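Hi,

Here is the structure I promised to pass on. Have a look at it, and then read on for what turned up in it.

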Amino acid sequence: MATITPPAYRIIPIIPVLNHGAMAKSMPYVASEKMQEAIGFPGKLAENWQETHDAVIAKMGELLGKYRSLKVYMDACVHCGACSDKCHYFIGTQDPKNMPVARQDLMRSVYRRYFTLAGKLFPQWVGARDLTREVLDEWFSYFNQCSECRRCSVFCPYGIDTAEITMAAKEILDSVGYGQKYSNEIIGKVHKIGNNLGLPGPALENTLEGLEEDVKEDTGIDVRFPLDVKGAEVLLITPSADFFAEPHIDSLIGYAKVFHASGVSWTLSSKASEAGNFGMFIGNYDQLRKIALRVREAALELGVKRIVVGECGHAWRVAYSFWNTLIGVGAGAKDPYAIQLQNQLDHRYKQPMHICEFTWDLIERGGLSFNKEANDKHIITFHDSCNVARASRMGDMAGGQFEIPRNIIKAVANNFVEMRDGTTREQTFCCGGGGGLLTDELLDLRIKGALPRMEALQQVADSHGVNFMATICAICKAQFTKVLPIYGFDRRVVGGVHQLVSNAIKLGDK
Amino acid sequence: MNALITLLFTFAILAFVLGFGYRIYDYARTPAPLLIPTTPAPTSRVGMLLRMLREVTLFESLFKANLWTWAASWAFHVSLALVLIRHLRYFTEPVWFWVVLAQPFGLYAGLLMVAGLAALWARRIFVERIRYISTPSDHLMLALLLSIASSGLFIKFLFNTDIIGVKRFCLGILHFDFQALPGDGLLYLHLSLVALLLLIFPFSKLLHAPGIFFSPSRNQVDNPREKRHLSAWAAKLEK
Ligand code: SF4
Ligand code: SF4
């Protein structure tokens, strides 16, 4: 570990000079045949290149017909460069192909060659190129250097979202047998075992029992961690990392304490013991839907009235933005499929609801009390996670996803400091490990991608003594735990918002 | 020569209308299966329309991204709009009153337009990362627009042409009652370049103009919990 040196902080955050090919060798492991086939993709690339070539073009044509985003984004870019300096991977690696527009162009060049008149007639003039094996390898490398964080889409005058293009690229690569091991292996586990980390039901039960004992020892109070309880009011869907990873587990304890204090009955589900949905990362609608379906089934079986989602960024995007579409968790449906579930849910509450919405609502109504001094050892800042910030919402107002977690922190702790403008809220920088890149072989990329966030954190650490960065994403937590020490911080600097809630909440004697 | 220009123009206008129309049809028929507005996004339709309006008239996102690019690009587009309005006098008889009002602005706008284009081109040449992403067509597009603008300015300020004759020609095209164009080389150049621009419009990055109206990250309302959004192909999976 000591041998890894992070990139140097920029004195003034200027735009880096280009370093051509700096990350050309960065590649995740390729998914094995078994992993590919387990989730319905071809095991490996065809022996014959022409076959792969044709399949890629055909798949691209199919996606262009299915996704307006892809079609419009392929055409609309004017190469203005507004996005060019906005990607944390470009800032950290200086590789020009990590500029969002250049990343898009890896696919746009092929799109132009095969799907546009100009590209068919004058390929060199419009930056069109033939699809070759080298091009496909380049896709595999650089589309696996995009965390689908959407920061570029905030600044593009046409809202071009590179994440959509990355997802399409991954979908095409999977469909010709060129998948990424980390994501596809995890998707296999969700289907087989029920969660990303491969924690089977009995182990989960043990873990939860252990947690009950720990909390009892700590507080003297019987805080329950119920599993598969039929007729509970709330079904909590949370990332499986919450069950045993550090610091995630402290937030799980926080949720349980909030539920305990609220008196609302709740349960976890062994069937849907995972909020994460890597189907989104690989841009595959079928997988996205199939993984989400477990939540629908669990909700119907357990007969719950409300569905609450734990601290996880992309999971909240899927839950908030896509669940109503995918599985009918939400309101306003007119079709029988969705109505079946929506009739069961209690529409006095938001469906689905973020755990932060749940907690903040209780705080606002005076339902929780805190001993704020318990957090006095922390000087806290908040890291907005990409998918929460730029792809979802909390509360009734646009931007509630920024206010609600901050409000909770301020309600449970005394010391709160914001990081520099331009690095928070919708302009937040990705942790560097999102989008299915949280794997060891990509550590170099992850360290470099964390640079802009680490710079902003260092600033408030120097100026205000910040020693705790709260966040509400399982991937952010895991990524920072790994890269913080490399940048000279303690790994416990990162933690969940509900970890702070857990520290301060008063139980029993309200 | 005269017939050639007439033919070219008629063809260019046709290609533009058909090509552009097809694009819009094509974007409109392509489904957007998931709600992906870039948040924070408006939670109502009115809010969304206002967001689009700000985006289209003020270039809000570009403003956030880079002030210089925004200034050059906004100057260019606004001038272009004013210049186009000024040109309406060649196509209307009697000339609409607001077009008359806009005449003097259109003139200054012509100069500003050249300045904006020059600034945009300078970025492409001198800023390393913008140079990296530029293709020959990006440069050619700027060259084309600059040539159109400067040939127009030359005609206006240095080599006045028979403007009445030009108007007769333009109205002629609109009414399929073709008239002769005054014999003036610079005018021929100006018009041929405009025809070329119209021709390549539906086949080039100029599609950003219709594209922005169809961009899901901008034109969707943030209401996924309240309404069920289901595209036709996705609905089939539920059967
Ligand atoms: S989505 Fe994020 S990671 Fe991907 S290109 Fe855009 S800014 Fe970079
Ligand atoms: S900001 Fe948008 S239009 Fe400009 S280069 Fe980037 S993707 Fe293309």
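The shell around ligand 2 is made up of ten nonpolar residues, three polar ones and no charged ones. (Ala, Val, Leu, Ile, Met, Phe, Trp, Tyr, Cys and Pro count as nonpolar, Asp, Glu, Lys and Arg as charged, and the others, Gly among them, as polar.) There are 13 residues around this ligand, and A:Cys77, A:Cys80, A:Gly81, A:Cys83 and A:Cys156 come nearest; a residue is near a molecule if one of its heavy atoms lies within 4 Å of it.

A word on the ground rules: this is a predicted model, in which local features need pLDDT of at least 70 and side-chain atom pairs count only at pLDDT 80 or more, while totals for chains, interfaces and linings use all residues. Residues are numbered from 1 along each chain as its sequence is written, chains are lettered from A and ligands numbered from 1 in the order in which they are written, and side-chain values use heavy atoms, leaving out hydrogens and water.

Around ligand 1 there are 14 residues, with A:Cys87, A:Cys146, A:Cys149, A:Arg150 and A:Cys152 coming nearest. Helices H4 (88–93), H5 (100–115), H8 (151–155) and H9 (162–175) of chain A each give two or more residues to that shell. (Helices, H or I of at least four residues, and strands, E of at least two, are DSSP runs numbered from the N terminus.) By class, the ligand 1 shell holds seven nonpolar, three polar and four charged residues.

Now the domains. Chain A is divided into domain 1 (33–179) and domain 2 (188–504), with bounds from an automatic or database domain assignment. Their centres, taken over C-alpha atoms, are 30 Å apart. Contacts (heavy atoms within 4.5 Å) link 24 residues of domain 1 to 31 residues of domain 2.

The largest nonpolar core has 196 residues, of which A:Met107, A:Trp139, A:Phe225, A:Trp323 and A:Leu457 touch the most other members. It lies between domain 1 and domain 2 of chain A, because both give residues to it. (Such a core is a set of buried Ala, Val, Leu, Ile, Met, Phe, Trp, Tyr and Cys residues joined through side-chain atoms within 4.5 Å; buried means under 20% relative accessible area, exposed over 50%, and partly exposed in between, with a 1.4 Å probe and protein chains only.) Apart from this core lies another, of 18 residues, among them B:Leu117 and B:Leu206.

There is also an open sheet of four strands in chain A, in the order S2-S1-S3-S4 with parallel pairing. Strands pair if DSSP finds at least two bridges between them. S2 and S4 (353–354) are the edge strands, each pairing on one side only. S1 (residues 234–237) is covered on both faces: A:Val234 and A:Leu236 on one side and A:Leu235 and A:Ile237 on the other are all buried. Two bridges join S1 to S2 (residues 266–267), and four join S1 to S3 (residues 306–309).

Finally, some backbone details to check. Cis peptide bonds join A:Glu246 to A:Pro247, with omega about 0°, and A:Gln351 to A:Pro352, with omega about -10°. A:His79 is not a glycine but has a positive phi of about 55°; A:His79 is buried, at 2% relative accessible area. A:Gln94 also has a positive phi, near 65°, and is partly exposed at 28%.

Best wishes
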